[in-house]
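Please read them with the structure open.

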Protein chains: 2
Amino acid sequence: MENKKMVREITAMDVDFAQWYTDIVKKADLAAYSNVKGFMIIRPYGYAMWELMQSALDGMFKELGHENICMPMLIPESLLNIEKDHVEGFAPEAAWVTFGGSEKLEERYCIRPTSETLFCDHFKDIVHSWRDLPLLYNQWVSVVRWEKTTRPFLRTREFLWQEGHTLHATREEAETETLNMLDVYARFCREYLAIPVVEGRKTDKEKFAGAEATYTIEALMHDGKALQSGTSHFFGDGFSKAFGVTFADKNNQLTHPFQTSWGCTTRLIGAVIMTHGDDNGLVLPPKVAPTQVMIVPVAQHKAGVLEKAAELETMLKKVCRVKVDNSDNSPGWKFAQHEMRGVPIRLEIGPRDIENGVCILSRRDTAEKITVQLSELETVIPALLQEIQQNLFDRALARRKEMTYTATTLEEIKETSAQKNGFIRAMWCGEEACELKLKEEADISSRCMPFEDQERVADTCVCCGKPAKKLVYWGKAY
Amino acid sequence: MENKKMVREITAMDVDFAQWYTDIVKKADLAAYSNVKGFMIIRPYGYAMWELMQSALDGMFKELGHENICMPMLIPESLLNIEKDHVEGFAPEAAWVTFGGSEKLEERYCIRPTSETLFCDHFKDIVHSWRDLPLLYNQWVSVVRWEKTTRPFLRTREFLWQEGHTLHATREEAETETLNMLDVYARFCREYLAIPVVEGRKTDKEKFAGAEATYTIEALMHDGKALQSGTSHFFGDGFSKAFGVTFADKNNQLTHPFQTSWGCTTRLIGAVIMTHGDDNGLVLPPKVAPTQVMIVPVAQHKAGVLEKAAELETMLKKVCRVKVDNSDNSPGWKFAQHEMRGVPIRLEIGPRDIENGVCILSRRDTAEKITVQLSELETVIPALLQEIQQNLFDRALARRKEMTYTATTLEEIKETSAQKNGFIRAMWCGEEACELKLKEEADISSRCMPFEDQERVADTCVCCGKPAKKLVYWGKAY
């Protein structure tokens with residue numbers, strides 16, 4: 001009964017998707033609201049997910065030669081003001097520090113909304129010759145953007161992220177870096193989060209303030225809305241010029257280097273929730289599940305049960321992240337609880353199982369139960385975790401395909417958008433006016449110009465009918 | 001010649017210790033000054049040290065059942081104001097955010113100088129019953145304190161740290177936690193940083209704002225000044241009462257829980273520099289050295305040298321953190337450079353060595369050189385790293401002992417302090433007046449009342465002559 005009650009506390013996805021999301025965030029103990037509007041508390045379970053994500057991404061960055069550093073949290077207003085587009089994009093949502101103790105500051109500082117300006121200022125000091133390049137830097141920090149409406153993980157005034165900042169001798173090298181890092185994000189989402197993402201380029205309207213080009217990975221959530229899940233920016237030498245960063249090239253000519261930046265955030269936790277979750281709660285891809293296997297002893301007061309559970313835990317620690325729930329809650333409560341928290345595999349073991357030398361494994365993704373010999377657990381579990389990881393990806397990919405539509409006329413795109421959420425593939429002439437009109441009339445924005453799937457579904461722009469330049473994925477977005 | 005020149009650029013320790021410190025910070029690429037007064041940039045080499053420290057400490061915390069979480073960066077003024085001693089201690093150096101974008105905030109927020117108030121506010125929401133306790137939380141974040149005078153790592157307006165915050169059902173359990181965590185710090189300093197620390201309790205004058213008791217580990221730097229290197233605080237139920245945190249105990253009585261907090265910071269990087277460094281630069285304990293072995297090829301243009309160096313690197317990667325310096329700088333320049341950066345072992349290999357199947361290992365701590373068979377490297381190097389780690393600790397301990405003095409009268413303590421830096425052991429009556437007088441007349445502060453070494457060196461207070469209560473370690477401090 002208890003488990004029923006607990007599960008019933010989650011709003012069904014179909015009834016109210018936003019409430020379903022909030023319920024999971026709170027009831028799976030991922031985050032809590034704080035006393036500071038728009039700022040969340042990331043609770044141990046949510047933070048453990050973030051640590052697993054960090055560790056995987058950090059390894060991928062370092063593999064490619066990137067080094068971590070740490071820049072100041074504050075940016076002087078005069079520094080933020082140097083690059084025009086950049087300040088226009090970020091100043092309106094900056095948090096300003098005006099007092100240090102009781103002393104009014106001569107110049108305001110903003111809490112970094114992003115750190116291009118600080119990196120440029122540092123690059124100016126440390127780069128002299130082509131021998132100093134490339135600089136491949138990254139930092140794991142939190143940033144603040146004073147957003148009006150916020151939602152845990154998806155849009156918060158403070159969020160955790162990594163921001164990579166690199167500096168290169170040539171335009172080509174920087175462009176390659178920009179795309180390589182986008183690819184790292186895409187691989188990470190596929191392989192760790194089991195999220196199929198669409199890689200592509202943003203239109204100029206949607207690009208980062210100050211960038212020449214912004215590339216993005218876009219994921220499709222359960223409700224058919226798109227979530228921008230990571231971006232990589234190519235700056236050309238625009239920031240270098242604005243900040244006076246130069247180096248002596250091989251011919252001893254003073255030259256402006258080329259720059260990139262790329263970031264992804266705790267928003268990815270929201271992406272995991274909304275890609276894999278169901279009406280029983282969170283469903284975690286094994287690779288980012290803080291606990292991959294939860295052992296639930298049945299009739300744990302009976303002799304030998306808890307001992308056996310502890311023994312299995314010790315054994316399985318070698319091959320996965322495993323825990324025993326030996327709390328005094330009922331098995332039914334525990335089943336519901338760990339289901340809610342998305343633990344990929346539940347291992348049930350009771351007195352009769354022990355007699356028979358078996359246990360029951362229950363999959364979170366399919367609810368399938370299998371009986372397994374204890375002696376085979378060490379090989380069965382890693383294989384099963386891999387199978388779950390793959391199944392989650394396949395399922396998400398199938399859903400994304402199902403929810404991807406094509407439109408060739410304004411009427412058609414308006415009708416599709418009115419009836420369904422999802423990606424809409426449609427041709428575009430390249431004009432911002434058409435993006436604005438589609439936003440206005442069809443309530444969709446351009447998500448990206450995909451690298452793959454550049455099929456010429458029509459010769460004319462879906463909006464104005466002029467000759468089409470690119471296929472664009474359109475959608476409603478978080 | 002080049003190496004001479006480079007080394008000459010470091011001020012000698014005896015000439016100007018402060019300048020020597022700054023030279024190492026800058027020339028070993030640990031940190032750089034930023035555009036924001038009092039805020040530093042932690043550069044890749046310094047940050048890699050911090051990552052090694054974090055990883056070791058984080059493992060020790062988790063081993064003891066602590067979980068990481070992440071609290072907001074900002075604290076509303078009204079929340080900071082709840083505990084009287086606490087706000088008096090921290091408000092004067094808080095950085096205040098007064099604007100979000102162009103909108104003036106209704107209430108000011110300060111950037112967290114420490115997070116007790118935020119944790120209490122969260123505890124209030126999530127703790128209901130004795131079953132919810134203990135809560136063993138930690139977070140790795142940066143904090144801001146608007147200090148007047150700053151020095152890289154030692155005292156900066158922003159610093160990185162971890163802050164542990166725990167909540168317990170009983171006073172005893174919380175007291176045990178406070179001391180356990182101090183012990184974790186002490187072990188970490190000894191085993192990883194090779195720094196012998198004195199564990200003890202702070203006097204009331206020196207304790208944390210709002211704590212019942214503060215415990216500290218105090219290290220002695222090369223110049224005989226003390227560095228407070230980590231603190232652990234016992235709050236009793238003071239904060240619980242102020243914030244209205246309660247739980248139903250086993251008898252279903254509403255009770256205030258007991259609380260601790262404990263922190264250590266990037267200041268520890270400063271401690272490493274000033275404990276082990278010498279006139280040739282940084283000397284790193286192998287356990288926190290980003291590169292433990294630097295391979296320097298000699299006559300690297302000759303056939304087979306770079307190949308052999310790369311081969312050794314691949315082989316040694318299994319047993320240590322190793323790199324090859326195959327830049328086109330001269331061997332002499334490389335020797336000086338990696339000496340400056342404190343790399344524990346330099347491995348030199350040239351054409352003749354290759355012929356003979358040997359290489360030369362040079363120790364950073366003793367400058368000793370040994371010739372080693374290449375076939376034995378995989379066993380020799382781990383042993384040598386361990387030996388260096390131990391030697392650094394032994395050396396630091398011997399120096400601390402040498403620089404620890406005893407005084408029994410006011411004249412004596414004034415004379416000792418005037419002539420020497422170091423710890424001065426002297427009895428104390430327990431009155432703050434005597435601490436103030438010793439600060440005034442002997443320029444020393446109480447570092448701690450050590451747990452060990454509570455020898456009764458006199459019956460009377462070194463300052464006022466009244467009956468003595470405790471032996472105190474006094475000293476000049478960073």
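1. One cut-off first: a residue counts as buried if 20 or more other C-beta atoms lie within 10 Å of its own. By that test, five of the six residues of strand E23 (residues 470-475) of chain A are buried, so the strand is largely enclosed by the rest of the structure. Bear in mind that this is a predicted model.

2. E23(A) has pairing to check against strands E21 and E22 of chain A. Strand E21 (residues 423-428) runs antiparallel to E23(A), and five bridges join the two. Here A:Trp428 stands opposite A:Lys470. Strand E22 (residues 445-450) also pairs with E23(A) in the antiparallel sense, over three bridges. In that pairing A:Ser445 faces A:Gly475.

3. Next, the open sheet of chain A. Five strands make it up, in the order E16-E15-E17-E18-E19, with mixed pairing. Strands E16 (322-324) and E19 (369-373) stand at the edges; each has a single partner strand, so one side of each is left without a neighbour in the sheet. On average, neighbouring strands are turned by 25° against each other, direction ignored.

4. How do E18(A) and E19(A) run, and how many bridges join them? They are antiparallel, and five bridges link strand E18 (residues 358-363) to E19(A). A:Cys359 sits opposite A:Val372 of E19(A).

5. Helix H11 (residues 331-340) of chain A lies across E15 and E17, at about 170° to E15(A).

6. Is H11(A) mostly buried or exposed? Seven of its ten residues are buried, so H11(A) is largely enclosed by the rest of the structure. The buried residues are A:Lys334, A:Phe335, A:Ala336, A:Gln337, A:His338, A:Glu339 and A:Met340. Note the charged names in that list: A:Lys334 and A:Glu339 are both among the buried residues. After the helix comes A:Gly342, with a positive phi near 75°.

7. Now the contact between the chains. In chain A, 41 residues are in contact with 41 residues of chain B. Elements that give two or more residues to the chain A side include helix H3 (44-63), helix H6 (116-126), strand E7 (135-144) and strand E8 (158-168). The largest share, six residues, comes from E5(A). By class, this side has 25 nonpolar, nine polar and seven charged residues.

8. E5(A) and strand E5 (residues 95-100) of chain B pair in the antiparallel sense over five bridges. The bridge partner of A:Ala95 in E5(B) is B:Gly100.

9. A:Asn81 lies between helix H4 (77-80) and helix H5 (84-90) of chain A. A:Asn81 has 14 other C-beta atoms within 10 Å and is partly exposed. Its C-alpha atom is separated by 8.6 Å from that of A:Ala91, ten residues apart along the chain.

Note on methods:
Residues are numbered from 1 along each chain as its sequence is written. Chains are lettered from A and ligands numbered from 1 in the order in which they are written. This is a predicted model: local features need pLDDT of at least 70, side-chain atom pairs count only at pLDDT 80 or more; totals for chains, interfaces and linings use all residues. Two strands pair if DSSP finds at least two bridges between them. Helices (H or I, at least four residues) and strands (E, at least two) are DSSP runs, numbered from the N terminus. Axes are lines fitted to C-alpha atoms, for helices over the stretch in contact, and angles run from 0 to 180 degrees between N-to-C directions. Two residues are in contact if their C-beta atoms, placed from the backbone, lie within 7 Å. A residue is buried if 20 or more other C-beta atoms lie within 10 Å of its own, exposed if 12 or fewer, and partly exposed in between; C-beta atoms are placed from the backbone.
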